[in-house]
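Colleague: I would like to learn how to read a few features of a model, taking each general idea before its case. Could we begin with what is meant by exposure?

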Amino acid sequence: MPSLTTGEVAAGDEPCGGTDGAAAATGPRPSPASRLAARVRAWRVTPYAVVGTLFWLAVAATAWRVPIASDFGQHASAVERVKADWRHPANPLLDLPGTGSPYFSPYIVALGLLARATGAAGREVVRWCGPVNLAVLVTGVGAYARTLSARRTAPVYALLAFTLLWGPEGKEWSGFCGVWSLTRGVCYPSAFAVGVTFHLWALTDRLARRGSRSWPGYVLLGVGCGLVLLIHPITALGAVTGACAILTARQRAWSRRVVARWLLAGAAALLVALAWPYYDVFSLAGDTTVDWVHKRLYIHPWQWYGLALVGLPPLVWRARRGGVRDPLLLMFAAFCLIAAYGWVSGHYTYGRVFALLLVPPQFALAVELAEIPPWTRARAVLAPLAAVALCFGLIAQIGSVVPQRLLPLTVDHPERWPGYGWAAGRMPGDAVVIADGYVATHVLPAYGVFLVAPTWPDPSTPAAERDRRAAAVSTYLKPGTPAATRKAIQRRYGAGWLLLSKNQKVPYRGELVATGPVTGERLVRLAAP
């Protein structure tokens, strides 16, 4: 949860000097024990502790009650594969070897081992991660905000801006941390990676400003960057880019020792990434498998990111005051270049950087608001504009947390997907199912079952194989397909179960086992081919 200490001085208020960038010292440095004792003595409740805790409680409780939807099934399925065989897990969705699948990141492998140790289902362990990931995110936002301002309200404004100032419509996307998106995606690896990114930026700022002589700090930074790279590569691109922007802005004195320390951090990150045995993260460079999915991030940008524009004036003011060597300004420019490259090149996956591209204007706004008082003419205009934008953001996203019956006006609410426990409970965990329903094929993998055709492309499975499987499912479900062809498809993919939508008229040889109470879908146990 958010830190309760307030006796800290912002990193920007600490002097830097020395030939190697080390902080000037007038006497012996206090021991870690004495520093910890000082923190304990200074312990008191801060505004961010209160707001951050309330935010954590509201979003964590909502996310806990949200039914399985979207990408949840993919991640829960990957956890199930590790739980079944952590040395050689099967493909998350297909009854194939999972060798080289990027879904087997340190995050998923750790959860799989936890599920194996506790006997819990993969979907249960993934859901447990929601409150943990949210705590990492909330404390990370606070940690980085405190490097930008010593004002006690800066982290509060930063959290509000980061979670509300997105678009005027509630949008859900993995790694995007608006309230609407968090209520479903807070348990995903991407949310954890974003939270860790803020902590890494705060650590980078401290190391650059204070010129720490402690080598472990640089190693910790490198290991953290390496883990984020393995957990969510596109977030890692933003994390490293942001860290480089902070380093450029904050590191004033350079020497061989300083360069060696930062090179050590880079070497530690590279070593962690290269040592991971489950997949080669660098093989994903240039991969176009999911580019088509991410084109949406560039379409209708006002609906996705419009409210964050209120943070652009404070960002410009920072440039005028501190010059181009401002960390938020450098970060924003670098992220814009990455997003532009994604659009121009057609590699739309780089649009995922929008999850962090909004951070500079959001945090610049937060810092400017926290500096009131004193009031200036610019702040007198900015404050009401920010209040209006935050209100629009709240109205757009409050439906994801608060039920309609408790609201004075009608707002949008996320669609609640139907459950599939009625079907999964009648199949063995390693069953192979023929299905083409959008919701069913996203939810059923959370229970450990395999599909014939994947819902999401996995770079470890060749595109030709994915296309063959999709074509096979389509052929099987055509009413006019000969029985012999259906038998051949069933035999080729080892399918023993069939899930038909309410209106699908498909002849089958087998036993009707159950009917969905909400959707009317029918689960069929197929006869042996």
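Modeller: A residue is called buried under 20% relative accessible area, exposed over 50%, and partly exposed in between, with a 1.4 Å probe and protein chains only. Val45 therefore counts as exposed, since its relative accessibility is 55%, and its place is in the loop between helix H1 (32–41) and helix H2 (47–65). Helices here are DSSP runs of H or I with at least four residues, numbered from the N terminus. Please keep in mind that this is a predicted model, in which local features need pLDDT of at least 70 and side-chain atom pairs count only at pLDDT 80 or more, while totals for chains, interfaces and linings use all residues. Residues are numbered from 1 along each chain as its sequence is written, and side-chain values use heavy atoms, with hydrogens and water left out.

Colleague: Which residues make the nonpolar surface patch with Val45?

Modeller: A patch gathers residues with over 30% relative accessible area and no salt bridge, where nonpolar side chains (Val, Leu, Ile, Met, Phe, Trp, Tyr) are joined within 5 Å; the areas come from the Shrake-Rupley method with a 1.4 Å probe. In this model, Val45, Val50, Leu54 and Leu57 make a nonpolar surface patch of about 360 Å².

Colleague: How should I read a salt bridge, and how many does the structure hold?

Modeller: Side chains of opposite charge can pair when their charged atoms come close. The criterion is a side-chain nitrogen of Lys or Arg within 4 Å of a carboxyl oxygen of Asp or Glu, and the structure holds 11 salt bridges. In one of them, the side chains of Glu465 and Arg468 meet at 2.7 Å, N to O; these residues are separated by about one helical turn because they are 3 residues apart in helix H21 (residues 463–476). Glu465 also forms a salt bridge with Arg469, with the closest N and O atoms 2.8 Å apart.

Colleague: Where do Asp205 and Arg209 lie?

Modeller: Asp205 and Arg209 lie in helix H8 (residues 189–210), and because they are 4 residues apart they are separated by about one helical turn. Their side chains meet in a salt bridge of 3.1 Å, N to O, and both residues are buried.

Colleague: Finally, what is the volume of the largest cavity?

Modeller: A cavity is a set of points, on a 1 Å grid over the protein atoms alone, where a 1.4 Å probe fits but cannot get out, and its lining residues have an atom within 4 Å of a point. The volume is the space filled by probe spheres set on points joined across faces, edges and corners. Here the largest cavity has a volume of about 120 Å³. Of its 16 lining residues, the closest to its centre are Ala63, Phe72, Arg127, Arg184 and Cys187. H2, helix H5 (122–148) and helix H7 (179–185) each supply at least two residues of that lining.

Technical notes
Patches are made of residues with over 30% relative accessible area and no salt bridge: like charges are joined within 9 Å, nonpolar side chains (Val, Leu, Ile, Met, Phe, Trp, Tyr) within 5 Å. On a 1 Å grid over the protein atoms alone, a cavity is a set of points where a 1.4 Å probe fits but cannot get out, and a pocket is an open set with protein on both sides within 12 Å along at least five of seven lines; lining residues have an atom within 4 Å of a point.
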